[in-house]
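Thanks for coming, everyone. I'll keep this brisk and walk through one structure. Please put it up on your screens now.

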Amino acid sequence: MNRYKIEGGYPLRGKTEVCGAKNAALPILAATIINGRKSIIHNCPDLSDITSIIEILKYLGCKVERRGKDVTVDSSTFISRTIPHFAMKQTRSSTIFAGALLARNGYAFIPGSGGCHIGARPIDLHLKGFKALGADITFQPDGIVCRAKHLRACRIELDFPSVGATENLMIASSLTPATTIITNAAMEPEIVNLAQYLRSVGAHIKGDGTSEIHIKGTLSPKDAEVTVIPDRIVASTYASAVASAGGSVEICGISPGLLSPFLAVMRRMGMSINCTKNGFTICKNSGLVNLPYVCTGPYPLFPTDCQPMLVAAMTTAYGFGAVREKIFENRFGHCSRLNDMGANVTVRGRTALIRGVPKLKGANVDACDLRCGAALTVAALGAGGTTYISNTHYIDRGYENLVSELAKIGAKAERID
Ligand code: UD1
């Protein structure tokens, strides 16, 4: 069941509910090892990346129970072990265990990790931060060893507001009893959600959601509980699907403010967006126009994770558009696949140049990473004829049943062998 079959040209109508954010749930789950007690994570999405993290937690001796959308982790039974290579290969997010292992254990080994191939994805900023916190870093042929008897609070200036480095350093410093200051920190909503969890453990955190975060760790961590925020990238994917297929859909369970940089672009292209009690409606009343320049950037700028779906929606908008990718150097794999569907997209360095065509046509295409798969799904919904998308296991890393959810709002889409 690793392919989607999508017959395009059916407008989407109705309501859809957004699940919890993968990128918020992953660091929170990794952080559950630090309190040595019970943590309850509400609204945890059911995704293959989450399953991989839960497997690692179990391997580390934690008791993990999933009941519907609630995941309970008891890390009192944690055993100090190195995360196995196979687990790190499944998801790059396993790097996020390094900060938690250092805090709990004083030792972390980071083997080469997996995830989407959208750029070099170095972890130098994480390591620089661990070093500032007092860890010794040694490079070995099969991975990196981080060791620290006691982490010490410090001031860390990040060269770039990396989401993963900010999270890792917040977690690492949560059991250190003086104040660590992270400047040029990432400001994403997922960082704020992680801070909520760490506060619940007992850490004192100020400034999350701004570029300067202060973390005063706790020596007596508590049982903890947090609710995962809704997934703004999933919501943006549904919005892009309406831009491609047409129709009107209410996207529930998320405040439109959480995805305002994306919705601002959709509005400028001609989509109509209105707030509702539970979320927002997005409606396509007429043909869309392309925008001369959209550029991705760290929050609150346009999210890189939405770039592939935006390019998919732009392929059939009127006129010429350009999208510049400033976060990941290799995130245009979807463009050649969209061209196989009849799009006119040229990639020049870090910019995709899009000349809108009246309609795409169905084709056999393969997802080359998670958001590429989402972009091809978006494109297929508006295309004439049938599209077969292979490698949908990438899509399962970040979406709970994407095709069946789309089918509920009118898409002719299904999973096939
Ligand atoms: C997270 C998200 C990912 C999103 C990205 C940017 C998760 C699980 N993933 O990824 O979906 O696309 O934020 O919003 O939350 N960099 C370095 N050195 C480092 C760390 C990062 O040079 O030590 C570079 C990266 O190569 C990349 C850029 O910084 O070019 C952004 O990376 P970062 O913000 O760290 O993204 P991730 O945490 O990997």
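Start with N43. At 21% relative accessibility, N43 counts as partly exposed. Note that this is a predicted model. How does the backbone look at N43? Its phi is positive, about 60°, although N43 is not a glycine. Where does N43 sit? Find the loop between β3, residues 38-42, and α2, residues 48-59.

There is another asparagine to look at, N401. Here too phi is positive, about 50°, and again the residue is not a glycine. N401 lies in the loop between α13 (393-396) and α14 (402-408). Its relative accessibility is 45%, so N401 counts as partly exposed.

Stay with the backbone for a moment. Which two residues does a cis peptide bond join? They are Y299 and P300. Omega there is about 10°. P300 belongs to the loop that runs between β17 (294-295) and α10 (307-314).

β17 takes us to a sheet. The sheet is open and has four strands. Read the order as β17-β18-β20-β19, with mixed pairing. Which strands stand at the edges? β17 and β19, the latter covering 345-348. Each has a single partner strand, so one side of each is left without a neighbour in the sheet. As a reminder, strands of a sheet pair through backbone hydrogen bonds, either parallel or antiparallel. Now take β18, residues 320-324, and β20, residues 351-355. They pair in the antiparallel sense, over five bridges. For a landmark, pick A322: it stands opposite L353 in β20.

On to the ligand. How many residues are around it? There are 18. Of these, D124, L125, S162, D305 and I327 come nearest. What is the make-up of that shell? Seven residues are nonpolar, six are polar and five are charged. α5 gives the most to the shell, with three residues.

Now the backbone contacts to the ligand. From P122, a backbone N or O atom lies 3.3 Å from a ligand oxygen. For V163, a backbone N or O atom is 2.8 Å from an oxygen atom of the ligand. G164 has a polar backbone atom at 2.8 Å from a ligand oxygen. How much of the ligand does the protein bury? Taken alone, the ligand exposes 730 Å², and the protein buries 85% of that. Which elements give two or more residues to the shell? They are α5, spanning 124-132, and α6, spanning 163-172.

How many disulfides does a search of the whole structure find? Take C19, which is in no disulfide. The nearest cysteine sulfur is that of C44, 9.8 Å away. The cut-off for a disulfide is 2.5 Å between the sulfur atoms. Is C19 buried or exposed? C19 is buried, with a relative accessible area of 9%. Then C252, which is also in no disulfide. Its nearest cysteine sulfur belongs to C275, and that one is 12 Å away. C252 is buried as well, at 5% relative accessible area.

To recap for your notes. Keep the cis bond between Y299 and P300 in view. Keep the positive phi at N43, and the positive phi at N401. Over to you.

Methods:
Residues numbered from 1 in each chain as written. Predicted model: local features only at pLDDT ≥ 70, side-chain atom pairs only at ≥ 80, totals over all residues. Heavy atoms only, no water. Near = heavy atom within 4 Å. Polar contact = N/O pair within 3.5 Å; in protein donor to acceptor, adjacent residues only side chain to side chain. Areas by Shrake-Rupley, 256 points an atom, 1.4 Å probe, with all protein chains shown as cover. Nonpolar A, V, L, I, M, F, W, Y, C, P; charged D, E, K, R; others polar. Buried < 20%, exposed > 50% of the residue type's maximum accessible area, 1.4 Å probe, protein only. Pairing = 2+ DSSP bridges.
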